[in-house]
Amino acid sequence: MSRNLAPLTVTAALFATTAWADVPQVATDISPVHSLVAQVMEGVGEPALIIAPGASPHEYSLRPSEAGALQEADLVFWIGPDLTPWMTDAIDTLASNAVVTTLMDADGTTVLPFRESALFEAHAHGDEDHDHGKDHDEHGHDDHADHDDHGHEDHEDHGHDDHAHGAHDPHVWLSPDNGAVWLNAIAAQLSAIDPDNAGTYYANAAAARDDLAATRTEIETILDPVRDRNFIVFHDAYQYFETAFNFPASGAISVSDATDPSPARIAEIQDRVKDQGVTCVLSEPQFDPGIVEAVMEGSEARTGVLDPLGSDLEPGTDVYGQVLRNLAKSLADCL
């Protein structure tokens, strides 16, 4: 079984005396995570990307080259089974000897609960709903938990009928605070198995955190002129971004796992668009635009496109910051 060694002190102790003959082979799940890892590895090596840009991570079929990247991996960085439940078996089968880091479980990561309702209230973004630095034992993980501990059965026990993948919203990368935490975590994991390059990894992580702080300031400037306006998103993927920048949505057409909305949910959203004077309804490139058209029927609200994955961006070091900036620009343009 692959080992999920999220607590970095344990990993460091395990691998402090182990040096890879070559640069570690690293696999990542989605393009924003790939970008963070690429920033830390810059000048040393390049990680592989498993899920092709433009594809929905909730459901995906591996291509042979992607399966091969998992097979060759010494390290795997992924959000976790809450986002990509299908990937649990792929990691167990193909990357059984890799050191696996579930970023959603990394110390210091802020996680938020699912929002079940189609309509959101402003207070839903308050600190009481945050889970800062999630306890790794919360879901029964121990320091050397096998991936079977993350299977569908365990997560179904949480009792969320619409969210059998887990109890928390998995779109955690859309918080720049989480991105900053992960840069350090990634550097620590790489350094533990490749100590010869530890100085480079940590220096790169520090520089990337500085860049991310500048990106946060840029986004605040973009959003400030439109903070008093209401918008609806296609699926409930953005509460980490909303919380980080105090910029709450009024509701979501689809739930966090992007399942098709019921007629009753669409009706709720249509009423919110009308009653609150919603000026913008945002779609996504991965999903059916016809659903947005149904919501927009009879409304004069504008439409725009939000892309939480950077579907049209070339994978690389710049993707993570660009995804966040593009979200802000799309919101500001639509509002």
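In β10, C280 is the bridge partner of F231. This is a predicted model, in which local features need pLDDT of at least 70 and side-chain atom pairs count only at pLDDT 80 or more, while totals for chains, interfaces and linings use all residues. Residues are numbered from 1 along each chain as its sequence is written, and side-chain values use heavy atoms, with hydrogens and water left out. The protein chain holds 11 helices and 11 strands; these are DSSP runs, H or I of at least four residues for helices and E of at least two for strands, numbered from the N terminus.

**The open sheet**

- Strand β8 (residues 231–235) is joined to strand β10 (residues 280–283) by two bridges, and the two strands run parallel; strands count as paired if DSSP finds at least two bridges between them.
- Four strands make up an open sheet in the order β9-β8-β10-β11, with parallel pairing.
- Its edge strands, β9 (251–254) and β11 (302–305), each pair on one side only.
- From one strand to the next, the twist averages 25°; axes are lines fitted to C-alpha atoms, for helices over the stretch in contact, and angles run from 0 to 180 degrees between N-to-C directions.
- Helix α9 (residues 263–275) packs on this sheet and touches β8, β9 and β10, its direction making about 145° with that of β9; contact means heavy atoms within 4.5 Å.
- Helix α11 lies across β8, β10 and β11 and runs at about 145° to β10.

- Strands β2 and β4 run parallel and are joined by three bridges; T28 has F77 as its bridge partner in β4.
- On β4, parallel pairing with strand β5 (residues 99–102) extends over four bridges, and V76 stands opposite V100 in β5.
- L75 and F77 point one way from β4, V76 and W78 point the other way, and all are buried; buried means under 20% relative accessible area, exposed over 50% and partly exposed in between, with a 1.4 Å probe and protein chains only.
- In helix α3 (residues 64–72), the buried residues are E66, A67, G68, A69 and L70.
- The cover over these α3 residues includes β2 (26–28), β3 (48–49), β4 (75–78) and α4 (87–94).

**Burial and contacts**

- Of the 335 residues in the protein chain, 57% count as buried.
- S31 belongs to helix α2 and counts as buried because its relative accessibility is 3%.
- Apart from neighbours within four places in sequence, S31 contacts L49, L309, P315 and V319.
- Among contacts in the protein chain with a separation of 6 or more, 68% are between residues 24 or more positions apart.

**The largest pocket**

- The largest pocket contains about 260 Å³ of space. A pocket is an open set of points on a 1 Å grid over the protein atoms alone, where a 1.4 Å probe fits, with protein on both sides within 12 Å along at least five of seven lines; lining residues have an atom within 4 Å of a point.
- Its lining has 16 residues, of which Q39, A208, D211, T317 and D318 lie nearest the centre of the pocket.
- Elements that give two or more residues to this lining are α2 (31–41), α7 (198–223) and α11 (319–334); α7 gives the most, with six residues.
- By class, the lining has six nonpolar, six polar and four charged residues.
- Ala, Val, Leu, Ile, Met, Phe, Trp, Tyr, Cys and Pro count as nonpolar, Asp, Glu, Lys and Arg as charged, and the others, Gly among them, as polar.

Note on methods: Grid points are joined across faces, edges and corners, and a volume is the space filled by probe spheres set on the points.
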